[in-house]
Amino acid sequence: MVLSPDLVLVDVNEAACRVTGRSREDLLGRYLFDAFPDNPADPDADGVRNLQASLHQVLRSKEPDTMAPMKYDIPVADRAGVFEERWWSAINTPVLGPDGQVEWILHRGVDMTAFILSQGRPREGTALSDAEAMEVELYARARELQRLNEELRRAHARERQIAVTLQEAMLHSPHLARHRDTAVRYLPAAGSLNVCGDWYEVVDLPENRFAVAVGDVVGHGLEAAAVMGMLRSALSVSVRAVEEPALALDALGLYARDVEGALATTVVQAVIDPHARRITYSSAGHLPPVLLHQDGTCVLLDQATDPPLGARPKHVPRLQADLSYRPGDTFVLYTDGLIERRGEDIDTGLQRLTDALARHARHSPERLADALLAYLGVSSGARDDIALIVLRL
């Protein structure tokens, strides 16, 4: 059976119709669990729950999921309310689209009913052969493994939800909603709990100016996210107090010395003055932001780059630079997961980024952000975390 991401049946082959006793016309276009609900006469029925968990796991992980044998009764065609006992072994496989997202799920089920009913339930007074006993034992172990995997899946889902809630709270940027021509993207490394040490921030300042920043704490997961939350908050306070990017990073660097896990963090802070049409910026070891002109030409903001936080044994005032922009230009800040690739020079990644920006210079910020992720091959995640801000000036 072929399912859409919202678990609607979009295609079934002849074998699926034969084994379920249903026609294509009866199945196509229906929600899977409307077509195949749990048996209401079986209080222990858990087929829907198990299959649903597997399918959602495939949608999240974009990886195939093999299910242990399970009991999943199916409705008898033309006999309303009547279900037939069935046992299945199933594999659910994602089919990814050009954007790296799950476009379809292939559900392949093997009907094990005859085996289970004949081997798992010997007639009274008869004994199982050694081979039959082994098959029954293997089946029992598979069912136990399925139960344990389900418990682990639920525990992981709870942990992931807690992590996501924590990350969303730490990344909340109340001033961001006022900047309608700004798009942000946040992609944790593939396989992570959906939390990371990268961050973005937008802060409004007096006289119609505003500050934007991105940063990257070394490491992944909850520990990096906790450090990120402290540094992000400290920088947000600092830039409000001093309003100069270099001074804000000076204060953040002093604070980072007392935060375990904060050293070697990279961050770039910029202040934008729409009246003067100028960007003032300072970088602590971070990759250069890009100013994209409407004609597709790009300028790297690399004239005020110092070492990462805590890299110097003694405090040294940080560099600061500025440049002008024209209305309609686009300002792009990002973390290294967007462009760095293992075994590749960083200049190659920067060139790939500016090529992508030039190719899509006329896009809106939202479309440009998505186009960048797709062009750079990270729409469905990368080896490293990614934070991205695309701002139309």
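1. Arg-312 is partly exposed, with a relative accessibility of 26%; the term covers values between buried, under 20% relative accessible area, and exposed, over 50% (1.4 Å probe, protein chains only). Its salt-bridge partner is Asp-306, with 3.5 Å between the closest N and O atoms. Asp-306 counts as buried at 8% relative accessibility. A salt bridge here is a side-chain nitrogen of Lys or Arg within 4 Å of a carboxyl oxygen of Asp or Glu.

2. This is a predicted model, in which local features need pLDDT of at least 70 and side-chain atom pairs count only at pLDDT 80 or more, while totals for chains, interfaces and linings use all residues. Residues are numbered from 1 along each chain as its sequence is written, and side-chain values use heavy atoms, with hydrogens and water left out.

3. The structure holds 16 salt bridges. One of them joins Arg-232 to Glu-201, the closest N and O atoms being 3.0 Å apart. Arg-232 sits in helix α7 (residues 221–242) and Glu-201 in strand β10 (residues 196–204), so the bridge ties together parts 31 residues apart in sequence. Arg-232 is buried at 5% relative accessible area, and Glu-201 is buried at 9%.

4. Arg-352 and Glu-344 form another salt bridge, at 2.7 Å from N to O. Arg-352 is partly exposed at 23% relative accessibility, and Glu-344 is partly exposed at 30%. Elsewhere, salt bridges that share partners link Arg-22, Asp-26 and Arg-30 into one network.

5. Helix α10 spans residues 365–375, and its buried residues are Pro-365, Leu-368, Ala-369, Ala-371, Leu-372 and Leu-373. They pack against strands β9 (182–187), β14 (290–292), β18 (330–334) and β19 (386–392), and against helix α9 (346–359). Just after α10, Gly-377 takes a positive phi of about 75°.

6. For the chain as a whole, the secondary structure comes to 10 helices and 19 strands. Helices (H or I, at least four residues) and strands (E, at least two) are DSSP runs, numbered from the N terminus. Of the 393 residues, 47% are buried.

7. Among contacts (heavy atoms within 4.5 Å) with a separation of 6 or more, 62% are between residues 24 or more positions apart. The chain exposes about 19,700 Å², of which carbon and sulfur atoms supply 52%. Accessible areas come from the Shrake-Rupley method with a 1.4 Å probe; for residues, only the protein chains shown count as cover.
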